[in-house]
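Good morning. I will go through one chain today, starting with its contacts and ending with a few single residues. Please look at the sequence and the model first.

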Amino acid sequence: MPHSTLPHAPHYVPAPGAKEDLDYADLAVIDLAKASTPAGRTELASEVKAALLEHGFFYVINHGYSQTQTERMFDIADVPFSGVPEEEKQVYAGTMKQTGSYQGYKLRQYWHIDAGVFDQLEHYNVNRDITKRAHPEALRPFLPEIKEFARHNHYDILHPILRLIALSLELPEDALVDIHRYDAVGETYGRSLNIPITVLSSAHYRPRNRYLPVRFMKYYPRSEEEEQKTGNVWLKGHTDFGSITILWSQPVAALQIQTRDGNWRWIRHVENALVVNAGDALDFLTGSFYKGTIHRVVQPPLSQQAYTRLGLFYFVMPDDAVKLIPLSESPVLQRAGIHRRCADADAPTMEEWRRARTSAYGQSELKKTAEEGVEEEVINGVVVRHYN
């Protein structure tokens, strides 16, 4: 689309970088420019394997968007928050607890964080099919760009990453691509796949496209009283429930991961890079070979505490009908040993897992464990842990 035809969006001015010397995690950088050749993919697959085993987080560069294109998407991402009146936001509020879907707004103070304190973040979620529901008036001119952004994330970023993960498991390159469809509604299960049919809920696999992968999210500063009550934690340590999450890097330091030594370390902002992390679905599918990474959001350092934190995400999960059981035909998993989170017969489908996790998050009663700072809940017979 020529630049002259684009609708005007107020420019979002990001916060300056953190001035503090923070304890950053040392994450691998995956250069997708190398993925165009078989030799390059083999090299990158080894790098992705090491990154997923070490931290479950890595950066991606050369993802196909210029700095200017990325800035434009952050301008658009801010529109649902700065350009929509509060009363109109209520009209487009999601029904997470009732339906297990985030479609529309997740408004502030919906999730309970700790000690009677509720969250101060809101997000707006858009289905890949932008016609699924109506959108706030201010956002409507940008829907074609959002649609193109979703397609770019899926085909030009996600698919190369999924191929690298498959290669790292010594599976056919498209083994994971074929169960992460974009718009293959109504098509039957791909015959080229070498994954046993038991991975799916039925032999006549019909991918569904109900999840809302594009998310714009904005964190707002909290009161000192709320910070004290929650120990400066804005979002408790958790794992994402999809296969991977793609976060477009932004400068406000607040995201931390729990590294293998049990310490919390910050994620550094890398200009025009992506931050990719593993989630529950990948954990299920790989028999915990690639574990969902525990991460949390905390109050930014002092130099950035006066700023809001705008996030731009693409959430990834297998198609709804996929049954979350290990890909046991992987030679890598066979050698490493497969650790199931539940019996195969009891394993949820992706739809069951996402609905249950979405409905419960921030709404259910968590039980303290003997491990300090760890709480648990049971979802679909599977233990889910939260870390504070």
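**Contacts and overall figures**

Take the contacts in the chain between residues at least 6 apart in sequence, where contact means heavy atoms within 4.5 Å: 74% of them join residues at least 24 apart. A word on the source: this is a predicted model, in which local features need pLDDT of at least 70 and side-chain atom pairs count only at pLDDT 80 or more, while totals for chains, interfaces and linings use all residues. Residues are numbered from 1 along each chain as its sequence is written, and side-chain values use heavy atoms, with hydrogens and water left out.

The chain has nine helices and 17 strands. Here helices (H or I, at least four residues) and strands (E, at least two) are DSSP runs, numbered from the N terminus. Of the 388 residues, 58% are buried. Buried means under 20% relative accessible area, exposed means over 50%, and partly exposed is in between, with a 1.4 Å probe and protein chains only. The chain exposes about 16400 Å², and carbon and sulfur atoms supply 50% of that; the areas come from the Shrake-Rupley method with a 1.4 Å probe, and for residues only the protein chains shown count as cover.

**The sheet**

Now the sheet. Strands of a sheet pair through backbone hydrogen bonds, either parallel or antiparallel. Two strands count as paired if DSSP finds at least two bridges between them. This chain has an open sheet of eight strands, in the order β1-β2-β12-β9-β14-β7-β6-β3, and the pairing is mixed. Which strands are at the edges? They are β1 (28–31) and β3 (104–106), each of which pairs on one side only.

Strand β3 pairs with β6 (residues 121–126) in the antiparallel sense, over three bridges. Glycine 104 stands opposite asparagine 125 in β6. Helix α1 (residues 38–54) packs on the sheet and touches β1, β2 (57–61) and β12 (274–278). The direction of α1 makes about 150 degrees with that of β1; axes are lines fitted to C-alpha atoms, for helices over the stretch in contact, and angles run from 0 to 180 degrees between N-to-C directions.

**Rings and charges**

Rings of Phe, Tyr and Trp (its six-membered ring) pair if their centres lie within 6.5 Å; planes under 30 degrees apart are stacked, over 60 edge-to-face, and the rest tilted. That rule gives nine aromatic pairs. In one of them, the centres of tyrosine 105 and tyrosine 124 are 4.7 Å apart and the planes are at 65 degrees, so the pair is edge-to-face. Tyrosine 105 lies in β3 and tyrosine 124 in β6, so the pair ties together parts 19 residues apart in sequence. Both tyrosine 105 and tyrosine 124 are buried. Elsewhere, ring pairs link Tyr65, Phe149 and Trp248 into a cluster.

A charge sits over a ring if NZ of Lys or CZ of Arg is within 6 Å of the ring centre and within 35 degrees of the ring normal. Lysine 106 has its charged end over the ring of tryptophan 111, 4.6 Å from the centre. For arginine 341, the ring is that of phenylalanine 284, at 4.7 Å.
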